[in-house]
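I opened this notebook to record what I looked up in one structure. The entries follow the order in which I worked.

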Amino acid sequence: MNREVGARERMILETLWDIVTGDYPRIEGLTEAESKALFLGEPLAGIVNPFLPLAADMEVEPLPPMVLKTTEDIRLRDRQMSVHHMYNNINHMLELMVRVVEQLEIEEIADNVF
């Protein structure tokens with residue numbers, strides 16, 4: 001099957017690849033150091049860090065809503081929206097993982113019953 005990968009799917013696959021290879025996902029419009037800082041839970045000027053709940057031992061569930069700050073600074077707004085875009089993609093991945101975990105739990109229960 002020959003199917004073209006859409007922009008969102010490509011970003012999700014690239015993010016997953018970064019995670020699998022031990023890299024921190026890059027956020028467009030931010031430097032590599034700024035992206036890494038956000039994923040490590042560090043603050044970034046003008047941006048409320050939405051990735052604080054991410055942890056290796058977290059329960060698989062979508063992240064809480066991201067808080068956006070109102071500002072007239074166009075550059076800061078663009079940076080916030082870049083972070084928000086990555087936040088949405090990570091939340092989409094988490095939603096997919098929730099479905100997989102639920103399916104695995106259902107299959108395990110079915111195996112134990114039958």
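The entries below cover conventions, the core, the helices, charged pairs and two further residues.

**Entry 1: conventions.** I worked from a predicted model, in which local features need pLDDT of at least 70, side-chain atom pairs count only at pLDDT 80 or more, and totals for chains, interfaces and linings use all residues. Residues are numbered from 1 along each chain as its sequence is written, and side-chain values use heavy atoms, with hydrogens and water left out.

**Entry 2: nonpolar core.** I took a nonpolar core as a set of buried Ala, Val, Leu, Ile, Met, Phe, Trp, Tyr and Cys residues joined through side-chain atoms within 4.5 Å. Buried stands for under 20% relative accessible area, exposed for over 50%, and partly exposed for what lies in between (1.4 Å probe, protein chains only). The largest such core holds 18 residues, and I27, L38, F51, V83, M86 and I90 have the most contacts inside it. At least two core residues come from each of α1 (7–20), α2 (32–39) and α3 (74–113); helices are DSSP runs of H or I with at least four residues, numbered from the N terminus. The largest share, seven residues, is supplied by α3. I then listed the contacts (heavy atoms within 4.5 Å) of I27. Not counting residues up to four places away in sequence, I27 touches S35, L38, F39, F51, S82, V83 and M86.

**Entry 3: helix α1.** The 14 residues of α1 should span 20 Å, and the end C-alpha atoms are 20 Å apart, which agrees. Which residues of α1 are buried? They are M11, I12, T15 and D18. Because these residues cover an arc of only 120° around the axis, they are on the same side of α1; the arc is that of the directions from the helix axis to the C-beta atoms. L13, W17 and V20, on the other side of α1, are exposed. The buried residues of α1 pack against α3. Just after α1, G22 has a positive phi of about 85°.

**Entry 4: helix α2.** I found E34, S35, A37, L38 and F39 buried in α2. The cover over the buried residues of α2 includes α3.

**Entry 5: charged side chains.** I searched for salt bridges, defined as a side-chain nitrogen of Lys or Arg within 4 Å of a carboxyl oxygen of Asp or Glu. The structure holds one. Its partners are E34 and R79, at 2.9 Å, N to O. E34 lies in helix α2 and R79 in helix α3, so the pair ties together parts that are 45 residues apart in sequence. Both E34 and R79 are buried.

I also checked D18, in helix α1. D18 is buried yet has no salt bridge, and the nearest side chain of opposite charge, R26, is 7.5 Å away. For charge, Lys and Arg count as positive and Asp and Glu as negative, while His and the chain ends are not counted. Not counting residues up to four places away in sequence, D18 touches D23, Y24, P25 and R26.

Entry 6: N89 is in helix α3 and counts as buried at 2% relative accessibility. Leaving aside neighbours within four places in sequence, N89 contacts R8, M11 and I12.

P50 is in the loop between α2 and α3 and counts as buried at 7% relative accessibility. With neighbours within four places in sequence left aside, P50 is in contact with L63, M66, V83 and Y87. P50 and P65 are 15 residues apart in sequence and 7.8 Å apart in space, C-alpha to C-alpha.

Note on methods:
Expected span 1.5 Å × (residues − 1).
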